[in-house]
Amino acid sequence: MNRISPWQKIGLGLVLLLALLNLVPTVWMILLAATRVDAGRGALRLDGAAFHRLFTELPVWRWAINSLCVSVAVTAGNLLFCSMAGYAFAKKRAPGLQALFWLCLATMMVPAQVTVIPLFLMVAGLGLSNTYVALIAPTLATAFGVFMMRQFISTLPTSLFEAARLDGCNEWQTFTHIVLPLVRPAVAVLGVFVFTSSWNDFLWPLVICNRRDMWTLPVGLASLKNEFNVDVPLMMAGATFAALPMIALFFALQRHFVSGLTVGAVKG
Amino acid sequence: MKSRIDWTAYGFVAPALLILALAHAYPILKLCVLSVQETDVLRGTAHWCGLANFSGLLADEHLWTSVRNTLVYSLGVVPGILLVSLALAFACQPFAARWQRFMRAALYLPGVVSVVVTAMVWTRVYDPQFGLLNRTLAWLGVNGPTWLGDPRWALSAIVIMSIFTALGTPFILFLTAINGVPKEYYEASEIDGAGPGRTFLAVTLPLIRPTLLYLLIILTIGSFQVFSAVYVMTEGGPNYATFTAVYMVYEEAFRYFDFGRASALSVILMAALALLALAQFRWLSSEVEY
């Protein structure tokens, strides 16, 4: 154990201060939403009025259910389809497969912000505006997910799959009985990543859904600033309502959040 | 055994590739077609118009405003995030794992909630009268600006928010990289009489270069796509002070329904991002051995 110099102690002090400062807006959001200043005693008092208005005047539960349905479906689709594709790309040999993998990676270079207009015209042209299909289908599989699962499955010994085949498993049984149980750690990481990005997605649901009952939470929340701009406690109650599930998920699954980050990174 | 062709492979990749083809590959081609067409939304017709969308864009002063704002945003956010998170990771490195875990959680937490939520909360932080920031400044005897209402400060305000809320990932990657540097290197540097600053420049920085480059590219590409914060906080204003590229795409397409122009702008943005991505592959192919 090396000694710690006074400089390093000052450094840590500053770092902790900044970390706490970083949490201040989140705490302030909850205070603005759930308390009011008691003028008589000059103290803060718990006050649920803003949340009461939020739940009675706005369809926030509907938005939350929309967000939940979309995120769960998108996550389930990614886990299945990306594992399947990742398994084939990692362990199977067929003509053109490698080229398809590179094509798949190439789509990662083009972000969704760029393709939003043609995608909107396509989906709206099919008459699918304001539907769950429109919210879910475009992100049911992601290039990042395919890449990640392929990298993970590459590290598994090929002999396992050959043994399963010798024992009489067909290809699909090999996948469900051998591959899926083995990729569980990667599935947790990808699942957390996909769920978070889907829950927080904004531009796509904003343009494809203009009916209020089909909005997801971020879109519904963003609409508050037009209607309820002066009602700060209500807006902060809405922000808290949308933020708390993610914060809870983060504390419950912190390990998976953090290990997902290093997937794309390199040794250094 | 390995060389046998396995035809089921196509079945396994089909669902994922079908979705990627329909939701990414085809829209990219369609985007290029749209960018050279004039679309009439009411009649639902489109016809070839050459490069008129592009020349119209280049003559539009708002395009140059949006390009400048996007570059200023990027040049503020990317170095800001890299410097702050690297300094934090370096300062944290000598300390026990439980402190590091606390720091990771504290810095990462603001990043897990939607940008819409963050932007709404920071709009209150920047409120000229009742905001946390100006109240703190007033307490210090400084008369703060109106931040989001002031064309000189609005973009900086969004930059500051973006830096603060995006520190988590870079901090964790830097900390992982710094923790991966062998302890003997630091001991050798200490024996040679180097202080913390010298140690950082001569030992840590060269060895974490790959992480630094990776983050540089990822953050730059991300910063070019800034939209939600602008939409929620300023809608591009005041007086186009926060009008960025993706926000302009959104306005052209979904406020003025000029899909041709919005597509031409998207093509320009796509080209810029592709160049950045190519730079990523070039730079990342260099290895560091130790």
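A nonpolar core is taken here as a set of buried Ala, Val, Leu, Ile, Met, Phe, Trp, Tyr and Cys residues joined through C-beta atoms within 7 Å, a residue being buried if 20 or more other C-beta atoms, placed from the backbone, lie within 10 Å of its own. The structure is a predicted model, in which local features need pLDDT of at least 70, side-chain atom pairs count only at pLDDT 80 or more, and totals for chains, interfaces and linings use all residues. Residues are numbered from 1 along each chain as its sequence is written, and chains are lettered from A in the order in which they are written.

The largest nonpolar core has 163 residues, of which A:Ala85, A:Leu190, A:Ala239 and B:Ala16 touch the most other members. Helix α3(A) gives the most to this core, with 12 residues; helices (H or I, at least four residues) and strands (E, at least two) are DSSP runs numbered from the N terminus. When neighbours within four places in sequence are left aside, A:Ala85 is in contact with A:Val146 and with B:Phe12, B:Val13, B:Ala16 and B:Leu17 of chain B, two residues being in contact if their C-beta atoms, placed from the backbone, lie within 7 Å.

Between the two chains, the contact takes 83 residues from chain B and 75 residues from chain A. On the side of chain B that touches chain A, helix α1 (residues 8–35) of chain B gives the most, with 18 residues. By class, that side has 65 nonpolar, 11 polar and 7 charged residues, where Ala, Val, Leu, Ile, Met, Phe, Trp, Tyr, Cys and Pro count as nonpolar, Asp, Glu, Lys and Arg as charged, and the others, Gly among them, as polar.

Within chain A, the axes of helix α3 (residues 60–91) and helix α10 (residues 184–200) come within 9 Å and cross at roughly 145°, with axes fitted to C-alpha atoms over the stretch in contact and angles running from 0 to 180 degrees between N-to-C directions. Residues making this contact include A:Ser67, A:Val70 and A:Asn78 of α3(A) and A:Leu190, A:Gly191 and A:Trp199 of α10(A). The contact has 9 nonpolar, 7 polar and no charged residues.

Chain B is divided into domain 1 (14–48) and domain 2 (54–284), with bounds that come from an automatic or database domain assignment. The C-alpha centres of these domains of chain B lie 31 Å apart, and their contact takes 8 residues from domain 1 and 7 residues from domain 2. To the side of domain 1 of chain B that touches domain 2, α1(B) gives the most, with 4 residues.

Notes. A residue is buried if 20 or more other C-beta atoms lie within 10 Å of its own, exposed if 12 or fewer, and partly exposed in between; C-beta atoms are placed from the backbone.
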